[in-house]
Amino acid sequence: MLTDATHDLFDLTLPDAATLYEALLARDARYEGRAYVCVATTGIFCRLTCPARKPLIENCSFRPTIGACIEAGFRPCKRCHPLQPAAQADPMIAALLAALDARPAYRFGEEDITRLGYDLSTVRRAFKRHFGMTFLDMARHRRLREGFETLALGGSVIAAQQEAGFQSASAFRAAFARLIGCAPGEIAGEGRLLADWIGTPLGDMIAISSTTHLHLLEFVERRGLPAEIARLRKGVKGELGIGSYAPTESIRRELTAYFAGRSAEFTTPVALDGSAFTRAVWAELRRIPAGATASYADIARRIGAPTAIRAVARANGANQLALIIPCHRVIGTDGALTGYGGGLWRKQRLLEIESRYRTPAPAAG
């Protein structure tokens, strides 16, 4: 069931990307506080009235809240200051944002909010209302993203720890491991496979690629992510680094197009590591068009194994290329949503997004 906060983050009333891009070009003030543009090439998010030079549409995605932009890994623009209206409307928010800007690497906790003289529940409600996330969530995302980017640019684990504002190396390792499934020292540096961070409107994803193929694309909250990364590391004898090969940049562009409503086609070369049966299931999943769904029984029947429904379900769950192999399009025989490693709320949102790609039925007569 979707929470109120989730509804705030993924408001379904936004116009399409083309309309919002025209509003961006026109600096249309009617969208002030209703939509924000995230620019993939800079990692920045802006108000639609931002005076900065306009990015190309293929580099833009649009989100309804500041919290959604931050959770997708984007930083606020220093020209249009998208956090400023909320700060001007509420002195408490202004003071806390100023404290965060003054000490971006500091590990803020509830005791800091109390020490500054603010009620915890009041702060939580205010930040949720204005940004779609709590103040502590905002601080944590900023710190961990800074640490990840330090590693991606070749910095040491210690430098990343310091950049992320963790006084304890063990605390940084634990937080990093919760985020992507393994400790930073295990994947720092170069490697035959490289892991990178991709922000999307539905949350952060981890992509792992070789020079020729994409091996993994998962939402960071997926429970099975640590085991999936461990298997990949074992397969390359530990040679997993942080960075980006060509397949990662390819899927980054395709995800931008997908969430912007321009294309549901993924052509990035992928590595399929599974049995012949599992690969047959995955191939059938890729034949489900965007905007359509199928049941496990449907898939089993289509691959010529109508009694292998449970095996089909296991193969579906073994998928580690989210969206590309669209296991989110599999629903129960009764039409109900079934389990999804990225979360049922996200599965529901993906199906809603893909409704725009549905092929219209031919006119009668």
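Is Glu-228 buried or exposed in this predicted model? Glu-228 is buried, with a relative accessible area of 3%; buried means under 20% relative accessible area, exposed over 50% and partly exposed in between, with a 1.4 Å probe and protein chains only. The residue is found in helix α12 (residues 225–235). Helices (H or I, at least four residues) and strands (E, at least two) are DSSP runs, numbered from the N terminus. Leaving out residues up to four places away in sequence, Glu-228 touches Leu-216, Glu-218, Arg-222, Asn-319 and Gln-320. Contact means heavy atoms within 4.5 Å.

The model is predicted, with local features requiring pLDDT of at least 70, side-chain atom pairs counted only at pLDDT 80 or more, and totals for chains, interfaces and linings using all residues. Residues are numbered from 1 along each chain as its sequence is written, and side-chain values use heavy atoms, with hydrogens and water left out.

Confidence was examined next. The pLDDT is the predictor's confidence in each residue, from 0 to 100. The protein has a mean pLDDT of 81, and 79% of its residues reach 70 or more. Among its elements, helix α14 has the highest mean pLDDT (95), and helix α1 (residues 4–9) the lowest (32). Over residues 1–12 the pLDDT is below 50; this stretch has 22 contacts in the model beyond near neighbours in sequence. Where pLDDT is low, the predicted coordinates should not be read in detail.

Helix α14 spans residues 276–286, and its buried residues are Thr-278, Val-281, Trp-282, Glu-284 and Leu-285. Seen down the axis of α14, these residues fall within an arc of 160°, so they line one face of the helix. The arc is that of the directions from the helix axis to the C-beta atoms. The cover over the buried residues of α14 includes α15 (296–302), α16 (309–317) and β10 (330–331).

Two cysteines carry a record annotation. An unreviewed UniProt entry lists Cys-46 and Cys-327 for "active site". UniProt positions are given in the numbering used here, feature names are shortened, and annotations may be inferred rather than shown by experiment. Cys-46 is placed in strand β2 (residues 44–47). Its relative accessibility is 8%, so Cys-46 counts as buried. Residues up to four places away aside, Cys-46 touches Tyr-36, Val-37, Cys-77 and Cys-80. Cys-327 lies in the loop between α16 and β10. Cys-327 is also buried, with a relative accessible area of 9%. Apart from neighbours within four places in sequence, Cys-327 is in contact with Leu-285, Asn-316, Asn-319, Tyr-340 and Lys-347. Leu-285 is one of the buried residues of α14. Asn-319 is also touched by Glu-228.

Aromatic pairs were then searched for. Rings of Phe, Tyr and Trp (its six-membered ring) pair if their centres lie within 6.5 Å; planes under 30 degrees apart count as stacked, over 60 as edge-to-face and the rest as tilted. The whole structure holds 6 aromatic pairs. The ring centres of Phe-127 and Phe-135 are 5.4 Å apart and the planes stand at 65°, so the pair is edge-to-face. Phe-127 is buried, at 0% relative accessible area, and Phe-135 is buried at 1%. For Tyr-258 and Phe-259 the centres are 5.0 Å apart and the planes at 85°, so this pair is edge-to-face. Tyr-258 is buried at 0% relative accessible area, and Phe-259 is buried at 11%. Tyr-258, Phe-259, Phe-266 and Tyr-357 form one aromatic cluster.
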